[in-house]
Amino acid sequence: MQGKRILVVRPDELGPSEHKAWRHLRLESGAPHNPFLDPAFTAVVGQVRPGARVAVLRQDGTPVGFFPYERGPWGRGRAIGAGVSDSQGAVLRPGIRLDPRALLTACGLSSWEFDTLEAGQHLFVPHAVAELASPVIDLDGGFAHYAERLRANSPGFLKQTRAKERRLARQVGEVRYVHDARDPEALRALMRWKSAQYRRTGRRDRFAQEWITRLVDLLAHGDAPECRGLLSVLYAGGRPVAAHFGLCSPTVLSWWFPAYDRAYGRYSPGLVLHLRMLEAAAADGIRMVDLGSGPARYKDSLKTRELRVYEGAVVRPGPGGALYRLGREPARAAHRFVRDRPRLAGAARRVLQEAGRLRDR
C-alpha cells in the first residue's frame, strides 16, 4: 500500500465529491451499474446500521477506492447491508494493488464476510469458498425481442401467463399495473405478504427486523437516480394483488422483494406482475434485470443467462479471526453441504415448510 492512505469514515461523512468519485470508479471498472454498489445505498444503510463504515483509499490526495462494510463485535465485519444486499465488494480504480488483510487492519476488522460478492472482485475472490449462479434477464434488445426469446426457451409460459391475466380481469375486475407506485398501503401489503411467505417456508422473516423495514421505507422515499427504490404494483378490481419492491439504476434493476396475495394465487398474479414489470422496465431504459442468487422456478423460466457471485470471508490471524472461524465456518460448511446436494436440499426445504406450517397454526 506504499503511497496510499486509508481513511475510515461513516457513510454520512462522504460528500458529493466523494459520491461523484465513487461513481466514476464504478464506471471505469466496466461492471454493471448495480444499485447495491452505489454510494446512495451505503448512505441509507448508514442511517439504520450504526456499524456502517466506508474505507476511503486515497493516492496523492485523490480517491482511488471505496470499501463499504459493517463492523460488529470483536472486529467482525460483513458486507454493507448484508442479509439483503445482492451485490457486494469494493469499488477500486482498475489496476490498484492492495493486500486484503492489510485493508482489514486499516479498518479495524478481524474478518470480513460476504455472500453475494460480484464477479471481478479480484481482491476478495481468492477468499471465496463457494461460487453461486445469479440469473439475469437481458433487455438490451427491448421487451419484444426478449418475449420472442422467452417463447423459444419456455414454450407456453408467456401464453399461459397472459391467459391467466385475462381470467383475472374477467373474474376479479379490471387489471391495472403501476410501474412506479407511490402507494404506502401497497408497500405495507407487500411486506405482510412477504412476511407470511417467509414464515410459511420456514425462513427467517426479514421484515420482522426493524432495520430492514426502515431501510425499505427510506429507499422508497429516496430519489437518487443511481439507486432508487421502485415499487411496482398489480391491481385487480381496484385492490393490490401482487407487488415488487426493488432497486434500480438507470440501466440495472435489482429484483428484491416480490410477493402476492395468496387469495388470488390461481391467477398467478406474481408472474403477471413480472411480465408487466419487464415490459415497463425495458421501455424505461433498463438493460439488465438481476434476479439475485437463490433457486426459484420462475427465475429459471425468465432468465436469459447467469452471472457468478461468491460467498466466503477474509480472515486475519488473531483472536478475532479465530472466533469468526469457530462461530461461522461450521455453519457455512453445513449449509454448503446441503445446498450442493439437490435431494438433501429438497428434503431440507420440505422440513422448513412443515415447520412453518405448524408455527402458523
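Visitor: With which residue does D300 form a salt bridge?

Guide: A salt bridge is a side-chain nitrogen of Lys or Arg within 4 Å of a carboxyl oxygen of Asp or Glu. D300 forms one with K303, and their closest N and O atoms are 3.7 Å apart. Before we continue, please note that this is a predicted model, in which local features need pLDDT of at least 70 and side-chain atom pairs count only at pLDDT 80 or more, while totals for chains, interfaces and linings use all residues. Residues are numbered from 1 along each chain as its sequence is written, and side-chain values use heavy atoms, with hydrogens and water left out.

Visitor: Is D300 buried or exposed?

Guide: Buried means under 20% relative accessible area, exposed means over 50%, and partly exposed lies in between, with a 1.4 Å probe and protein chains only. D300 is exposed, at 52% relative accessible area, whereas K303 counts as partly exposed at 25%.

Visitor: Which residues are linked with D300 in a network of salt bridges?

Guide: The network links E131, D300, K303, E306 and R308. Within it, the side chains of E131 and R308 meet in a salt bridge with an N to O distance of 3.1 Å. E131 belongs to strand β7 (residues 128–138) and R308 to strand β13 (residues 305–315), so that pair links distant parts of the chain, 177 residues apart. Helices (H or I, at least four residues) and strands (E, at least two) are DSSP runs, numbered from the N terminus. E131 is partly exposed, with a relative accessible area of 46%, and R308 is partly exposed as well, with 31%.

Visitor: Which residue meets D138 in a salt bridge?

Guide: The side chain of R305 meets that of D138, at 2.7 Å from N to O. D138 lies in strand β7 and R305 in strand β13, so this pair ties together parts that are 167 residues apart in sequence. R305 is partly exposed, with a relative accessible area of 37%. By the rule given above, the count of salt bridges comes to 21.

Visitor: How is the packing of two helices described?

Guide: Two packed helices are described by the angle between their axes and the distance between the axes. Axes are lines fitted to C-alpha atoms, for helices over the stretch in contact, and angles run from 0 to 180 degrees between N-to-C directions. Angles under 35 degrees count as roughly parallel, over 145 as roughly antiparallel, 65 to 115 as roughly perpendicular and the rest as oblique. The axes of helix α5 (residues 157–171) and helix α8 (residues 269–283) come within 9 Å and cross at roughly 110°. The two helices are therefore roughly perpendicular to each other. Their contact (heavy atoms within 4.5 Å) is made by F157, L158, T161, R162 and E165 of α5 and L271, V272, L275, R276 and E279 of α8.

Visitor: At what angle do the axes of α1 and α2 cross?

Guide: They cross at roughly 130° and come within 10 Å. That makes α1 oblique to α2. H19, W22 and R23 of α1 meet P39, A40 and T42 of α2 in this contact.

Visitor: Why is α2 described as largely enclosed by the rest of the structure?

Guide: Seven of the ten residues of α2 are buried, so α2 is largely enclosed. The buried residues are P39, A40, F41, T42, V44, V45 and V48. What covers them includes α1 (16–29), β2 (52–59), β3 (62–71), α7, β10 and β11.

Visitor: Which residues of the largest nonpolar core touch the most other members?

Guide: A nonpolar core is a set of buried Ala, Val, Leu, Ile, Met, Phe, Trp, Tyr and Cys residues joined through side-chain atoms within 4.5 Å. The largest one has 35 residues, of which F41, L215, L219, L231, F245 and W256 touch the most other members. Helix α6 (184–200) is among the elements that each supply at least two residues, and α6 gives the most, with seven. Leaving aside neighbours within four places in sequence, the contacts of F41 include I80, L215, L219, L247 and W256.
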